[in-house]
Amino acid sequence: MGFFEGLFFWSCSYGITSRKIEAMNNAPPSTHIRQLAAELAEPKPMRRGSLSERTVKCSKPGCACAEDSSARHGPYFSLTRAVAGKTHSRFLTPEQAAIARQQIAAGHEFRNKLEAYWQGCEAWADRELEGTPTASAREAEKGGFKRASKTKSSKRSKRS
Ligand SMILES: [Zn+2]
C-alpha cells in the first residue's frame, strides 16, 4: 500500500469511526465513492493544459505553402498551459504529442473522478447535517439570536 493510498484509507476509516459516534442514521458512502478514492490514489503521468496542432506558412519566395493550404509546413505540436495568468507553452515532436495527448486525457479523467468524489462526499456531508438531532434545537437558537439582538438594541437606546 502506497503512502497516499494509506492516507485515503486512514481518512476513510477515521470518517467511519466518528460517524458511528455522531449520527446513526447517516448512510455510509456508496462503494462507488470508495472505488473513486482508490482510483484517485493511484498515481499516473498526467497533465493539465492542452495540446494544439498547427501547420504554418513560411516566407520563402516561391514555396507552395503560400498558395496551397495542404502544402503548409508541419504539423507542429505545442503544449500550452496557463499558470497564474501566464500561458506556458512548449513544442513537442509528433511522438511526444501522442504521449501528451494520453497524459491530458488521464488528467481529464482524474478531474472528473475528483469532481464525482467531491459530490459523493458532499452528499454524505449533507446527510450528516440532516441526520443530526439538533436541527430543532438550532431553530430555538435562532430565536435566541433574535432576543440577543433586541437586547443589543435596547442597550443602544439606553446609551443614546
Ligand atoms: Zn513554405
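Predicted model: local features only at pLDDT ≥ 70, side-chain atom pairs only at ≥ 80, totals over all residues.
## Exposure and the overall chain

Among contacts between residues at least 6 apart in sequence, 59% join residues at least 24 apart.

The 3 strands form an open sheet in the order 1-2-3, with antiparallel pairing. Strand 1 (50-56) and strand 3 are the edge strands, each of them pairing on one side only, and neighbouring strands of this sheet are turned against each other by 35 degrees on average, direction ignored. In general, the strands of a sheet pair through backbone hydrogen bonds, in either a parallel or an antiparallel manner.

Strand 1 is joined to strand 2 by 6 bridges, the two running antiparallel, and within this pairing Ser50 stands opposite Thr80 in strand 2. Helix 3 packs on the sheet and touches strand 1, strand 2 and strand 3, while its direction makes about 150 degrees with that of strand 1.

## Strand 2, strand 3 and their hairpin

Strand 2 (residues 73-83) pairs with strand 3 in the antiparallel sense over 7 bridges, and Ala82 is placed opposite Thr87 in strand 3. The hairpin that these two strands make has 2 residues between the strands, and in this hairpin Ala84 takes a positive phi near 50 degrees. Strand 3 (residues 86-92) is hardly covered, since the count of buried residues among its 7 residues is 0.

## Two exposed residues

Pro75 is found in strand 2, and Pro75 counts as exposed because 12 C-beta neighbours lie inside 10 Å. When its neighbours within four places in sequence are left aside, Pro75 is in contact with Glu53, Arg54 and Thr55; for Thr55, which is 20 residues from Pro75 along the chain, the separation between the two C-alpha atoms is 4.7 Å.

Gln119 lies in helix 3 (residues 94-130), and Gln119 likewise counts as exposed because there are 12 C-beta neighbours inside 10 Å. Although Gln119 and Ile33 are 86 residues apart in sequence, the distance between them in space is 9.2 Å, C-alpha to C-alpha.

Definitions and conventions: Residues numbered from 1 in each chain as written. Buried ≥ 20, exposed ≤ 12 C-beta atoms within 10 Å, placed from the backbone. Helix = DSSP H or I, 4+ residues; strand = E, 2+ residues; numbered from the N terminus. Pairing = 2+ DSSP bridges. Contact = placed C-beta atoms within 7 Å. Axes fitted to C-alpha atoms, helices over the stretch in contact; angles between N-to-C directions.
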